Amino acid sequence: MLKPYSMLLLLGLAGGVGFNAVAVPELATVGEGSYRYLFWQLYDARLATQSGQFESYSQSTPLLLELTYKRDISKQEFIDATVDEWRKLGQSSKEQQQQWAHQLQSLWQDVKEGDKLAALLEADGRVRFYFNGTETGVLEDTAFGAAFFDIWLHPDTSAPKLRRQLIAAQ
């Protein structure tokens with residue numbers, strides 16, 4: 001079981017059923033980094049906005065987090081790791097976490113090495129998911145966006161080095 005890889009498995013943004021023709025928007029890179037666990041590189045990450053700067057969720061939308069996976073990871077591992085990170089951050093209730101996990105079952109899928117997954121936080125708080133550049137679905141709950149992006153961008157993230165790289169902090 002990949003339980004120790006919790007943070008690494010997180011961004012199971014991969015879409016599930018039926019692809020839409022909407023592609024990932026072109027945005028300016030704020031920062032980039034790689035997430036590693038012990039000896040394994042799990043994914044490369046990129047944060048992007050229209051201006052190429054990150055201020056806050058409300059000032060930096062649309063906000064794109066794009067991951068390029070270096071390992072195969074199952075949908076269930078993504079969901080379990082995501083819920084685990086929400087618990088660690090303590091910013092959402094157990095009920096919210098369970099509801100979101102249920103919704104993600106229909107939006108995410110297994111990923112293979114080389115797959116690109118992305119989440120786009122829109123100004124209205126919705127999160128649009130992409131798999132290999134094609135839209136896979138939208139999570140409408142406006143509380144979800146901050147909770148999801150907090151996994152990487154909150155000051156108490158499990159990956160502080162990656163956070164600094166993504167937000168281009170010195």
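Here are a few questions and answers about this predicted model.

Q: Why does Asn132 count as partly exposed?
A: Buried means under 20% relative accessible area and exposed means over 50%. Asn132 has 39% relative accessibility, so it counts as partly exposed. You'll find Asn132 in the loop between strand 5 and strand 6, and its phi is near 50°, a positive value in a residue other than glycine.

Q: Which residues of helix 2 and helix 4 meet?
A: From helix 2 there are Thr82, Glu85, Trp86 and Leu89, and they meet Phe144, Ala147, Phe148, Asp150 and Ile151 of helix 4. Sorted by type, the residues of this contact are six nonpolar, one polar and two charged.

Q: How do you know that the buried residues of helix 3 are on the same side?
A: Start with who they are: Gln97, Trp100, Ala101, Leu104 and Leu107. They cover an arc of only 110° around the axis, so they sit on the same side of helix 3. Over on the other side, Glu95 and His102 are exposed.

Q: What covers the buried residues of helix 3?
A: The cover includes helix 2, strand 5, strand 6 and helix 4.

Q: What kind of peptide bond joins Thr61 and Pro62?
A: A cis one, with omega about 0°. Pro62 is in the loop between strand 2 and strand 3.

Key:
Residues are numbered from 1 along each chain as its sequence is written. This is a predicted model: local features need pLDDT of at least 70, side-chain atom pairs count only at pLDDT 80 or more; totals for chains, interfaces and linings use all residues. Side-chain values use heavy atoms; hydrogens and water are left out. Buried means under 20% relative accessible area, exposed over 50%, partly exposed in between (1.4 Å probe, protein chains only). Helices (H or I, at least four residues) and strands (E, at least two) are DSSP runs, numbered from the N terminus. The arc is that of the directions from the helix axis to the C-beta atoms. Contact means heavy atoms within 4.5 Å. Ala, Val, Leu, Ile, Met, Phe, Trp, Tyr, Cys and Pro count as nonpolar, Asp, Glu, Lys and Arg as charged, and the others, Gly among them, as polar.
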